[in-house]
Amino acid sequence: DVTRDFLKALPKCEHHMHLEGALTPAVLFKLAAKNNISLPSDDSAFTSAETLLQRYERFSSLDDFLHYYYIGMSVLITASDFEALAWDYFEHAAADGVVHAEVFFDPQAHLSRNVSYETILQGFNAARVRAQREFDISSELICCFMRHLPAPDCEATFKLEDVQASYKRGDVVGIGLDSSENNFPPELFKSLYAGAKSLGLRRTAHAGEEGPSKYIEDSLDLLDVERIDHGIRIAEDPKLMERVAKQGTLLSVCPISNVLLQCLTSVAEVPIRKFIDAGIRFSINSDDPAYFGNNYILDNYIAVQNAFSLSHSEWRTVCENSIRGSWCSETRKEEML
Ligand code: HPA
Ligand code: ZN
């Protein structure tokens, strides 16, 4: 398949992949047994890995997905669990031709279960070191805060000694904002983002996935984000599109996720052509591959190609913009270009 080979060979950067979203039903059940974690007995989706996978095929919304996502991650306990999870992702990333990955994690979802921050980082870092050595994949960690939780709780997590130490060491390059979007507007997180900026951390936020384009604008104005995760609803605001194009803000778009969470009815509805015509920079990403039909980054590239038939030169521009919009060193960018 010539198209697949072409897309696979492109130097791809991934900017929007939640490591917890790489947890497959098979691994979920294996870790639940190993760690003695009981799964909900009143939901027949948890009968087996097969029934759970079938349930994943009919998410009705972001919140419906998040319900399963937060139960799923409750099986992650030891550093080796986190390492195996991240390694599973890096194996897929290598097979798909990823050269650089900036991956999200949700510390609050683990700290609340008495899993220490150091346990999480130890596991993820072990996998990252191995991915660099064995696959030549460079990576960065982005610490996400869950916006359905009270903002003061998010700020308290941000200020934890272990968390601050990871920023100072450079183990974590920046912060993000995820979870339920509607009714949890960017303005709630102004002081969190101001704190992150003062530490020199990079900043992004999920916005305009299910929520209105106003959340995109407010993320730029109130949180001073450098990237927007998803951002598809920017298409509703031509003025904002012009601004984002002019500023060069990168949108980390996740086409298959948008369809499976019913934000859009098909990949053809992702405003890819609009973005290209408006000069908006974007990267194409997998979001939560194990929850979204086992579709990793290359599957998302292929879905976009099937819907939009981009030219080779347009694809090279997508990848060049993705490299330039990455949060690695300038030296690393030059290597990838
Ligand atoms: N949106 C919000 N929260 C999330 C997502 C997403 O796409 N994936 C994992 N957590
Ligand atoms: Zn996401």
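**Reading the helices and the sheet**

Guide: In this predicted model, helix α11 (residues 213-222) lies across β5 (202-207) and β6 (227-230). The helix runs at about 165 degrees to β5.

Visitor: Why is α8 called roughly parallel to α10?

Guide: Helix α8 (residues 151-159) and helix α10 (residues 190-198) pack at an angle of about 20 degrees, their axes being 9 Å apart. An angle under 35 degrees counts as roughly parallel, and therefore α8 is roughly parallel to α10. The crossing of α8 past α10 is left-handed. On the α8 side the contact is made by Ala151, Cys154, Glu155 and Phe158, and on the α10 side by Ser191, Leu192 and Gly195.

Visitor: How many residues of each class are in the contact of α8 with α10?

Guide: There are four nonpolar, two polar and one charged.

Visitor: Why is α5 called roughly parallel to α7?

Guide: Helix α5 (residues 79-95) packs against helix α7 (residues 117-135) at an angle of about 30 degrees, with axes 7 Å apart. The limit is again 35 degrees, so α5 is roughly parallel to α7. This crossing is right-handed. Residues of α5 including Phe82, Trp87 and Phe90 meet residues of α7, among them Ile120, Phe124 and Phe135. By class, the contact has twelve nonpolar, four polar and four charged residues.

Visitor: What makes β1 and β8 edge strands?

Guide: The open sheet has eight strands in the order β1-β2-β3-β4-β5-β6-β7-β8, with parallel pairing. β1 (12-14) and β8 (282-284) each pair on one side only, and these are the edge strands. From one strand to the next the twist averages 25 degrees.

Visitor: How do you know that β7 and β8 pair?

Guide: Pairing needs at least two bridges. Three bridges join β7 (residues 250-253) to β8, so these strands pair, and they run parallel. Val253 has Ile284 in β8 as its bridge partner.

Visitor: Which residues surround ligand 1, and how do they divide by class?

Guide: The shell holds His18, Gly21, Leu62, Tyr69, Asp178, Ser179, His206, Glu209, Ser257, Asp287 and Asp288. They divide into two nonpolar, five polar and four charged. Asp and Glu count as charged, so Asp178, Glu209, Asp287 and Asp288 belong to that class.

Notes
Residues numbered from 1 in each chain as written. Chains lettered and ligands numbered in written order. Predicted model: local features only at pLDDT ≥ 70, side-chain atom pairs only at ≥ 80, totals over all residues. Axes fitted to C-alpha atoms, helices over the stretch in contact; angles between N-to-C directions. Helix = DSSP H or I, 4+ residues; strand = E, 2+ residues; numbered from the N terminus. Parallel < 35°, antiparallel > 145°, perpendicular 65-115°, else oblique. Left-handed = near helix turned anticlockwise from the far one by under 90°. Contact = placed C-beta atoms within 7 Å. Near = placed C-beta within 6 Å.
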